[in-house]
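This report looks at a protein and the ligands placed in it. Start with the structure, then follow the contacts.

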Amino acid sequence: MTKSNNKNDHSPIEQDPNTTYDKGPAGGWGSLRGVTRIFGEVQGSTVAAKILSRLNKPGGVMCSSCAWAKPAKPSTFEFCENGAKATLWELDEKHADANFFEQHSITELKTWHDHDLEKAGRLSEPLRYEADRDRYVPVSWDDAIKDIGEKLAEMNPKEAVFYASGHAGLEASYLYALFARAMGHQNLPQSSNMCHETTSVNLKTFVGTPVGTCTLEDFEHCDAIFFFGQNTGTNSPRFLHTIKDAVERGCKIVTFNPVRERGLIEFIEPQNIMQMLTNNPTEISNKYYQVKPGGDVAVITGMMKHILTREDAAPGTILDNDFIAAETIDFDETVEKVRAFDWPDIEEESGLSREMIEEAAEIYIQSKNVIGIYGMGLTQHVDGWLNLGMYCNLLLMRGNIGRLGAGISPVRGHSNVQGQRTVGIGEKSSHMPADKLHEQFGIDAPTENGQNIVQASEGVMDGSIKAMLSLGGNLLRALPDRERLETGWSNLDLTVHIATKPNRSHLIPGKVSYILPCLGRTDIDQQQSGPQASSMEDTFSHIYGSLGSAEPPSEHVRSETAIVAGIAKATLPSNPKLRWDEWVANYDLIRDLIAETFPDDFSDFNNRMTQPGGFYRGNPARERKWKTDSGKAQFTPPTTLSSLGQHPRGENGFTLITLRSNDQFNTTIYGFSDRLRGLEGSREIVLINREEMARLGLQEGQLISLYSQVDDGHLRQVDGLKVTPYDLPDGTVAGYYPELNPLVPLSYHEKKSFTPAYKGVPVEIKQ
Ligand SMILES: Nc1nc2c(c(=O)[nH]1)N[C@H]1C(S)=C(S)[C@@H](COP(=O)(O)OP(=O)(O)OC[C@H]3O[C@@H](n4cnc5c(=O)[nH]c(N)nc54)[C@H](O)[C@@H]3O)O[C@H]1N2
Ligand SMILES: Nc1nc2c(c(=O)[nH]1)N[C@H]1C(S)=C(S)[C@@H](COP(=O)(O)OP(=O)(O)OC[C@H]3O[C@@H](n4cnc5c(=O)[nH]c(N)nc54)[C@H](O)[C@@H]3O)O[C@H]1N2
Ligand SMILES: [Mo]
């Protein structure tokens, strides 16, 4: 049962001899080869090379890949393999223009792979769907905007949904959030609804802030970093430099993950000539435990039991009792519940031995300052709230929240996903203060909350939603229940995509459908008052300006800010306080508005956004100001040992985790090389361990089908998946997102925040 790694400090972590692995570490030469390949594919130029050299530096472009920090003192190349891929992908010299859409019907494009669709190049003129011709055809901006505005104005505002993927800058995002509320709805779902909504809702309950409490500085002072369900090497590779520095200072790294992710095992810094030439990686995790999916609650329960036993033996030496008494509530009830769980159940649910869990707890106890990192491995579960509650419990026991070198630290996804929320994109009234909107613009925003992405998708399927605007993103790939959603989507009265590249969602047009091509972050954004900067917020609540320097793909491409403002102006009755044209002419004015609406976060915004390292908008929990209902930090009594929820997983039942490869950014598939996992060539695969293969009589390379086990009257199935042996816990299968999304039921989501439970899908294998 307990087949996980359990090695002594920094002895190399052994690989399962039965599994094929690339021998290369994260970073290193492999990462350079990855960048070179994309450079060739998109016909990269000297302009592209120049933009890369300024990436994530003051005055340059802020990377459109992940939300990791942009340090005040950047290194020579402050970008990673995946940041370079995202940047080059946007700087594509090829164009998906009117000619392209003339040559290829929608029916034909639907047979294309996601990779090839985006590879067609940058969208370069506005397009309108013509059903008779089964094609998108060119349309003038004036006609497009006028038609969209008229249709939205005629509609009951509550029937419209404005989705935002976390790309667009704070300026466009603020206008989008303002537009929805001025129109009369708050249906403003965002990509974080599929991602860290579990964080936004539950961290707020536990410690009073919807975002992490750490900053980059903490990583210079921590003694241990725990990683639960975050894949640094693939999803936030620049973080590896920070971890490497911490390791070299003696900081301990402890990882819980069902998959042995290369980046958390060893890393070669591509900028370190000696390391590159000697091929001598830094070992990252001191301990790596292959927990069962959903088993993290059990792990932390076990760790807490051990900590309590140690405190019992020497009272006052292990827990931070003063902190617990002064700053927290519900500690006693939590302790009672933790003590009531038995070790055999903890071992069963976690897939780890008591010895392993106690060993991890000892590292925690021996470390003065501890940071708790997490990602989708904790948030995308039915009881994700309990994962976070338990993680906070663990940290609060020793006062590891709200002091230097310690804290709870979710690693956010899209480069501005956190910032979009800060400036009002979100379905709740609390996301944008109604009194300010009234004061600034004479608008009466709706008082009832709007719809999150799960609710909005239900509305698309049952016909109660009529229009869908997408500011970036690819919902029909990213969401669960693909087939049913596509049917509902094609019945929408209006679909509008503001996008940089074609994708699958564009190919399911509503009755009236537009694709509006927008500038990317690398492009020069020329407006009346000159070239405009935009801004974004990172995972540590720092805000930076970003300035594009590439020629836009064509003169017909507009900025997201201009497109949003244009549609707003065409939709809303005239209001002298909504000065859309003036704002588009000069984004400084938009930043002034943001500072007025959110004075605590954005005072003096225009001046501060050029500060190296960005400006910090602060975090109350970091200062032990708990903005919770009780005014204290909240302990959470565990109610169960697993975060998987109550679905049947019988003899043939497996828990499916959906993974990202090193060669994708969400639904954007750069290629078919998952180098860090040693998986090449195909994404239509299912990973499973050899013992389980033998038990089921499966052969390597055999094609099988996966079926969803959620029995709600809908058949969910994906065929043609190649069996691929891989070192995973028993009872677990893994495969790629978005290919396996048809298996995830929309109703299968985190209980409090509605985040789809993409990491714990009950499935069955059929041969
Ligand atoms: N290159 C690249 N970078 C990206 C993205 C991308 O697609 N590509 N996407 C961006 C976005 S939007 C986001 S939100 C982030 C996502 O980044 P992450 O938060 O790292 O998300 P995932 O890669 O989906 O999953 C993280 C890890 O969770 C593990 N895991 C699965 N189930 C469990 C579990 O039950 N318990 C534990 N402990 N671990 C589990 C998986 O094995 C995986 O290693 O990355 C961002 N950065
Ligand atoms: N099974 C499974 N499903 C998942 C996940 C999972 O782990 N497993 N992860 C979930 C997560 S964490 C997330 S965040 C969602 C992601 O869901 P989305 O945010 O909806 O998807 P993306 O793939 O990030 O969007 C890609 C598209 O954005 C457009 N784009 C790129 N850059 C720009 C830009 O600068 N401006 C504009 N306007 N458009 C741009 C391009 O047209 C591109 O095709 O998926 C979720 N789905
Ligand atoms: Mo995400």
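Which side chain has an N or O atom 2.7 Å from a nitrogen atom of ligand 1? The residue is D296. The model is predicted, and the distances here should be read as such.

**Ligand 1**

Backbone atoms also reach ligand 1. A polar backbone atom of N231 is 2.8 Å from one of the ligand's oxygen atoms. At G294, a backbone N or O atom sits 2.7 Å from an oxygen atom of ligand 1. On its own, ligand 1 has 920 Å² of accessible area, and the protein covers 99% of that.

The shell of ligand 1 holds 31 residues. N235, E261, G294, Q664 and N666 are the closest. By class, the shell has 12 nonpolar, 15 polar and four charged residues.

**Ligand 2**

Ligand 2 is surrounded by 31 residues. The closest are E118, H414, E560, T667 and N741. Its shell divides into 11 nonpolar, 15 polar and five charged residues.

G472 places a backbone N or O atom 3.4 Å from a nitrogen atom of ligand 2. N474 has a backbone N or O atom 2.9 Å from an oxygen atom of the ligand. A polar backbone atom of I498 is 2.9 Å from a nitrogen atom of ligand 2. Of the 920 Å² of accessible area that ligand 2 has on its own, the protein covers 96%.

| Residue | Residue atom | Ligand atom | Distance |
|---|---|---|---|
| N231 | polar backbone atom | oxygen of ligand 1 | 2.8 Å |
| D296 | side-chain N or O | nitrogen of ligand 1 | 2.7 Å |
| G472 | backbone N or O | nitrogen of ligand 2 | 3.4 Å |
| N474 | backbone N or O | oxygen of ligand 2 | 2.9 Å |
| I498 | polar backbone atom | nitrogen of ligand 2 | 2.9 Å |

**Domains**

The domain assignment gives three domains: domain 1 (95–189 + 441–616), domain 2 (197–415) and domain 3 (653–766). The C-alpha centres of domain 1 and domain 3 are 31 Å apart. These two domains touch: 19 residues of domain 1 are in contact with 21 residues of domain 3.

An unreviewed UniProt entry lists residues 122–497 as "domain: Molybdopterin oxidoreductase". Over residues 122–497, the chain is 45% helix and 14% strand. The end C-alpha atoms of this stretch lie 14 Å apart.

**Backbone details**

Two loop residues deserve a look. The peptide bond from Y737 to P738 is cis, with omega near 5°. P738 belongs to the loop between β32 (732–736) and β33 (761–766).

Technical notes. Residues numbered from 1 in each chain as written. Chains lettered and ligands numbered in written order. Predicted model: local features only at pLDDT ≥ 70, side-chain atom pairs only at ≥ 80, totals over all residues. Heavy atoms only, no water. Near = heavy atom within 4 Å. Polar contact = N/O pair within 3.5 Å; in protein donor to acceptor, adjacent residues only side chain to side chain. Areas by Shrake-Rupley, 256 points an atom, 1.4 Å probe, with all protein chains shown as cover. Nonpolar A, V, L, I, M, F, W, Y, C, P; charged D, E, K, R; others polar. UniProt positions renumbered as here; feature names shortened; annotations may be inferred. Helix = DSSP H or I, 4+ residues; strand = E, 2+ residues; numbered from the N terminus. Domains from an automatic or database assignment. Contact = heavy atoms within 4.5 Å.
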